[in-house]
Amino acid sequence: MIQVDALIRTKRKTISISISPQGNVVVRAPQNCPMSYIETILKKREQWIILHKQRVLSRNNINQNLFTFREILFCGMTYTVSLSNSVKSPTLYGESFFIPFKTKPDRVPKVLEKWLRSCAESIIQQRLNYFANLMQLAPLGFRLGNTKSSWGSCSKSNIITINWRCVMLPPNLLDYVVVHELSHMLEFNHSHAFWEVVRSILPDVKYRKSELKKGDYLLELYRK
Ligand SMILES: [Zn+2]
């Protein structure tokens with residue numbers, strides 16, 4: 001039997017089945033549609049669902065353990081989340097991320113998120129300072145962002161926002177996000193001139209851009 005990750009009932013008249021960017025099976029159905037009928041449809045389309053889900057997961061190289069909070073991604077490295085009696089607060093050690101033994105299972109996502117966020121500001125600020133200095137730019141401000149749709153942005157008034165989830169990315173991709181947004185201070189568009197600015201700092205921008213695209217699913221992490 002196919003496992004449904006989200007069943008959304010709306011005013012629609014038909015059933016639709018789709019696979020979300022992170023590989024979840026999403027079913028949309030009419031308000032009063034009986035479960036038995038939905039199951040019949042799922043059974044009929046089982047092959048398609050399995051194939052499509054596999055395709056999404058392998059294409060995006062998605063790590064499902066991040067969504068079940070068995071693992072945490074930090075600076076491009078994954079660590080196994082383990083409960084430990086010997087830590088009082090979250091601790092990264094070796095290949096593990098230890099959290100206090102008494103942590104209730106439903107609190108784990110929040111604990112991981114809080115720790116990542118606490119690291120984000122200084123790590124991102126440091127890279128921003130480094131590249132701002134290199135490019136001789138002075139952003140008016142820096143904020144941590146939390147949107148689902150972007151890794152970063154630069155406002156017309158030169159305030160740079162970087163999604164805190166960038167702290168999960170490998171350093172070369174965080175640098176790309178930072179340089180991309182700083183470059184908008186010079187070119188407020190995605191013109192040829194803009195990409196020339198980015199390329200002058202990061203010659204392998206094309207590679208970094210395509211790698212970042214593969215990590216877009218991380219923008220969905222730590223949301224309810
Ligand atoms: Zn841009």
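## Two crossing helices

Helices α5 and α7 are roughly perpendicular to each other, a label for angles of 65 to 115 degrees (under 35 is roughly parallel, over 145 roughly antiparallel, the rest oblique). Helix α5 covers residues 171-183 and helix α7 covers residues 205-214. Their packing angle is about 105°, and their axes are 10 Å apart. Axes are lines fitted to C-alpha atoms, for helices over the stretch in contact, and angles run from 0 to 180 degrees between N-to-C directions. Helices (H or I, at least four residues) and strands (E, at least two) are DSSP runs, numbered from the N terminus.

Which residues of α5 meet α7? They are N172, L173 and Y176. On the α7 side stand V205, R208, K209, E211 and L212. Contact means that C-beta atoms, placed from the backbone, lie within 7 Å. The contact residues divide into four nonpolar, one polar and three charged. Here Ala, Val, Leu, Ile, Met, Phe, Trp, Tyr, Cys and Pro count as nonpolar, Asp, Glu, Lys and Arg as charged, and the others, Gly among them, as polar.

## About the model

This is a predicted model, in which local features need pLDDT of at least 70, side-chain atom pairs count only at pLDDT 80 or more, and totals for chains, interfaces and linings use all residues. Residues are numbered from 1 along each chain as its sequence is written.

Strands of a sheet pair through backbone hydrogen bonds, either parallel or antiparallel. Two strands pair if DSSP finds at least two bridges between them.

β6 pairs with β7 (residues 96-100) in the antiparallel sense, over three bridges. T91 has F98 in β7 as its bridge partner.

## The three-stranded sheet

Another open sheet has three strands in the order β8-β10-β9, again with mixed pairing. Its edges are β8 (141-145) and β9 (152-154); each has a single partner strand, so one side of each is left without a neighbour in the sheet. Neighbouring strands are turned by 15° against each other on average, direction ignored.

β8 and β10 (residues 159-163) run parallel and are joined by five bridges. G145 stands opposite N163 in β10. Helix α4 (residues 108-134) lies across β8 and β10, at about 135° to β8.

How values were computed:
Two residues are in contact if their C-beta atoms, placed from the backbone, lie within 7 Å.
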